[in-house]
Amino acid sequence: MPTSKLIREVQALRERLDDWNYQYYVLDQPTVPDAEYDRCMRRLNELEAQHPALQRPDSPTQRVGAAPLDKFRQVSHEIPMLSLDNAFDEQAMLDFNRRLLDRLGAQYQPLEFACEPKLDGIAVSLLYRDGLLERGATRGDGSTGEDITHNVRTIACIPLRLRGAGFPGLLEVRGEIYMPRAGFEALNELARQRGDKTFVNPRNAAAGSLRQLDARITAQRPLQMCCYGVGQVQGGALPDTHFEVLASLQEWGLRINPESRVVSGIDACDAYYRELAARRELLPYDIDGIVYKVNQLALQQRLGFVSRAPRWAIARKFPAQEEMTRLLDVEFQVGRTGAITPVARLAPVFVGGVTVSNATLHNADEIARLGLRLGDTVIVRRAGDVIPQIVSVVQSRRPAGAAEIVFPQRCPVCGSAVERSGDEAVLRCMGGLVCAAQQKAAIRHFASRRAMDIDGLGDKLIDQLVERGLVENVAGLYRLTREQLLGLERMGEKSADNLLQALEASKHTSLPRFLFALGIREVGEATALALARHFGSWEALAGASEEQLLQVDDVGPVVADHLVQFFDSPSSMEVVAQLRAAGVSWPDLAVAAAELPLAGQTWVVTGKLEAMDRDAAKAALQALGAKVAGSVSARTHCVVAGPGAGSKLGRATELGIEVIDEAAFQALLARHGSAG
């Protein structure tokens, strides 16, 4: 049975990883190096593997990446774009090879591997129909990406029409769009000449270029793409090995990495790694490791997948780059939940191709572990990100009288008391919504796309609203007037009117969204949905005891405690009352989850639907109590198959699972009053 300390560690790791995923994938503003992210992900993987009771479907270990931006049309990936497990040393590669042979049998030794440099760019999907480029999309969260067709069409190395013959009627090509170093330097030099902001590194430059709404801007950026595999394939056959598939893509006019090769055996993989590591700085583009894939596609199919990665592939990462510098100061930042995070201010140092001057220190325990003092010479490690990790202190260079790092006894923003509860590593401000830092973070979360979805309420505008005293909490957003908005910096009449319209539209929401938007600690989207389904109404949920809360799937003792604290807080409940008085409303889920018509059933939606998009179909099924999965298994109850349904339809047929078309699906929804 996991201890409360272990539960808290797992929850802290999840919160940290979720924050980093958001900063890296959504904002394109990474805040920690890959080495630190990988360390936390490995630790969380270990804990969940050791204690299956701690596993949750919304854990960062079960997801790829993070959510797509809302300024592009969303695209569902028929076959998920998964991430790769990582290896950090030779032993991890030997373990990988052993796991493969354990599953396949010793007769396959030595295994044949396709080896490719791991480019530091943006994963994308290109869909070709009858040889013509039909769609380009980002990976997004692995299941849903962003439609960037208008931008990928401007990249010269991406063919608008495939060359030659023999390609499948429907071919989804996957690869990495990146910016070569020379192009990156030229782009930044031009920005400096114009007085514009420069990009931090080539990966951020590529990401920013692909997320331009004006494709003419993208066309001016020196982007390239290398293909590394395929997704959907219909109306044709491909070769039997991964490397031959890449060769076919090259024949059809698509670019593959010239450093790719096939080797036999795990020792040859190590030799390839060492060779490319020696030439890494001579390559015209950034790479952060090597990707190894079992070359035979039939063996890949036998090996299959785990929840977030294929068993037949792994990425061996290069060691993070390190340098020495001096710790000048430590500042303290306050987050949405009141967590006070120490941030190291460093003497600027050039490491990993970037000049860095700050690093996160996480908490007091991390500072104690390092034995860190002000003025210390420290070793910092950077692996492709902006903010490095402090990995150790050079004790021999400690100056006389180096001062200890003292955590504040009062919040550095609002002056409220700070506390560290139990064994929790994080120090928290107790000011709640009195604290401006927490106010801003809470409003940002409340307005986010997956919460109340208030378009046009950006960070700078939130800063102004809080700092001018116009909004003290999220309820204050709905009391804003046109005159108040027009008095803000860079706020014109059209922008003010659009924001007021967005605020009005956001009042019509759902109970799960509202719960998530409130920012109750540990209550993510999945937990909010489970709570809403279980209790059906706000009143039933708010009046629930801790014992009743613990009966909900996905709610453990810590989550239940946070919920009880929220509902027992007069200030929190007053904010909710103000929101409801302002007109924020939702339809109650009057029927308990267990009584819903599809309760306990798992459904899959595949292919293109005409009457509604896939997200709407998923929401309709969930409203009827069904779980909606991304893949077909023996536990699947029914598959909704529209035109273009591929491998999922075939899998359902193999397993004898019921399949219905869109007409039957609409009839089902109509019978239960959930028609789209």
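Mentor: Start with overall size, and remember that this model is predicted. For 676 residues, a compact globule would have a radius of gyration near 26 Å. The protein has 26 Å, so the two agree.

Trainee: What box do the C-alpha atoms fill along the principal axes?

Mentor: Roughly 80 × 70 × 60 Å.

Trainee: How many helices and strands does the protein have?

Mentor: There are 24 helices and 22 strands.

Trainee: How do I read contacts against sequence separation?

Mentor: Take contacts between residues at least 6 apart in sequence, then ask what share joins residues at least 24 apart. In this protein that share is 68%.

Trainee: What percentage of the residues is buried?

Mentor: Buried residues are 51% of the 676. For the surface, the protein exposes about 30,900 Å². Carbon and sulfur atoms supply 49% of that area.

Trainee: Is C269 buried or exposed?

Mentor: Buried means under 20% relative accessible area. C269 has 1%, so it counts as buried. C40 is buried too, with a relative accessible area of 0%.

Trainee: Now the backbone. Which residues does a cis peptide bond join?

Mentor: Look for omega of about 0°; the bond between Q109 and P110 has it. P110 sits in the loop that runs between α3 (90-104) and β3 (112-119).

Trainee: Which residue has a positive phi of about 55° without being a glycine?

Mentor: That is R490. Its place is the loop between α14 (482-486) and α15 (493-506). R490 counts as exposed because its relative accessibility is 82%, and the cut-off for exposed is over 50%.

Trainee: And what is the phi of E522?

Mentor: E522, also not a glycine, has a positive phi of about 70°. Find E522 in the loop between α16 (511-517) and α17 (525-535).

Trainee: Is E522 buried or exposed?

Mentor: E522 has 15% relative accessibility, so it counts as buried.

Key
Residues numbered from 1 in each chain as written. Predicted model: local features only at pLDDT ≥ 70, side-chain atom pairs only at ≥ 80, totals over all residues. Heavy atoms only, no water. Helix = DSSP H or I, 4+ residues; strand = E, 2+ residues; numbered from the N terminus. Rg over C-alpha atoms; globule rule 2.2 N^0.38 Å. Buried < 20%, exposed > 50% of the residue type's maximum accessible area, 1.4 Å probe, protein only. Contact = heavy atoms within 4.5 Å. Areas by Shrake-Rupley, 256 points an atom, 1.4 Å probe, with all protein chains shown as cover.
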